[in-house]
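Subject: Structure handover

Hi there,

Here is the structure I promised to pass on to you. Please have a look at it first, and then read my notes below.

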Amino acid sequence: MTVAFFSGKARRAGVALGAVSAGLLVLAACDKPTPLATVTVGDNSVNTEATCYNDGKAISESDIQPCLNKKADKTIDVAMDDKIRFGVDPEIAEHGWTLFINGQQAEQEPYKKTYRTIPGSAFFTSQTGETTKDTQVSIVETDGKKLTGIWHFEFKKTS
């Protein structure tokens, strides 16, 4: 004859406690996701986590240019007369953010709000004045001196 060491209620409680403990262990092993940046054109919207992010600390000087040169994972179609809406997590806005176009800084001062709108035509003219078919736009978290995060989007020009 076997004797049950634990009642059904105690066994269920033990299993539940074990499941919760295992879940917490798995979560503790995960990396914290980076803040999101979003681009919206009309009804289409794409968002992405940072390509380079150092948890709010400065990205090392040697990593900045290679990170700015990385190709965007997210693409969105943009017409010259579209309004492009940029949105960032409040954490990014708190530090300030600016736009880079094809790896080059497009603005001098960091923007401190979570949302802004810019016309599509601003992104498809090269430095030589020629129009381009696609442009890599990067949202860069910065306090004006150091870069702390970089998010990439590719804009494809539509007619």
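What follows is a short account of what I found in it.

Some ground rules first. This is a predicted model, in which local features need pLDDT of at least 70 and side-chain atom pairs count only at pLDDT 80 or more, while totals for chains, interfaces and linings use all residues. Residues are numbered from 1 along each chain as its sequence is written, and side-chain values use heavy atoms, with hydrogens and water left out.

**Overall picture**

The chain has three helices and 10 strands, where helices (H or I, at least four residues) and strands (E, at least two) are DSSP runs numbered from the N terminus. Along the sequence they come in the order α-β-β-β-α-β-β-α-β-β-β-β-β. Of the 159 residues, 33% count as buried; buried means under 20% relative accessible area, exposed over 50%, and partly exposed in between (1.4 Å probe, protein chains only). Taking contact as heavy atoms within 4.5 Å, 65% of the contacts between residues at least 6 apart in sequence join residues at least 24 apart.

In H2 (residues 61-68), the residues Ile64, Cys67 and Leu68 are buried. They sit on the same side of H2 because they cover an arc of only 90 degrees around the axis, the arc being that of the directions from the helix axis to the C-beta atoms. The buried residues of H2 pack against strands S3 (52-53), S6 (97-101), S9 (134-142) and S10 (147-158).

Thr98 lies in S6 and is buried, at 1% relative accessible area. Its side chain makes a polar contact of 3.0 Å with that of Glu107. A polar contact here is a pair of N or O atoms within 3.5 Å; within protein, one must be able to donate a hydrogen and the other to accept it, and residues adjacent in sequence count only if both atoms are side-chain atoms. Beyond four places in sequence, Thr98 also touches residues including Ser138, Ile139, Val140 and Thr142.

Gln136, in S9, is buried at 14% relative accessibility. A polar atom of the Gln136 side chain lies 3.0 Å from the backbone nitrogen of Ala72. Among the residues that Gln136 touches are Leu68, Phe100, Asn102 and Glu154. Asn102 itself is in the loop between S6 and strand S7 (104-105) and is partly exposed at 47%. Its phi is near 50 degrees, a positive value in a residue other than glycine. For context, most residues other than glycine have a negative phi.

Have a look at Glu141 too, also placed in strand S9. Glu141 is buried yet has no salt bridge, and the nearest side chain of opposite charge, Lys146, is 8.8 Å away. For charges, Lys and Arg count as positive and Asp and Glu as negative, while His and the chain ends are not counted. The side chain of Glu141 does make a polar contact of 2.4 Å with that of His95.

**Salt bridges**

The whole structure holds four salt bridges, each defined as a side-chain nitrogen of Lys or Arg within 4 Å of a carboxyl oxygen of Asp or Glu. In one of them, Lys71 pairs with Glu154, with the closest N and O atoms 3.0 Å apart. Lys71 lies in the loop between H2 and strand S4 (75-79) and Glu154 in S10, so this pair ties together parts that are 83 residues apart in sequence. Lys71 is exposed at 59%, whereas Glu154 is buried at 7%.

Asp134 and Lys156 form another bridge (3.6 Å, N to O). Since Asp134 is in S9 and Lys156 in S10, the pair ties together parts that are 22 residues apart in sequence. Asp134 is partly exposed at 35%, and Lys156 is partly exposed at 33%. Lys156 also meets Glu154 in a salt bridge (3.4 Å, N to O). Through shared partners, Lys71, Asp134, Glu154 and Lys156 are joined into one network.

Best wishes
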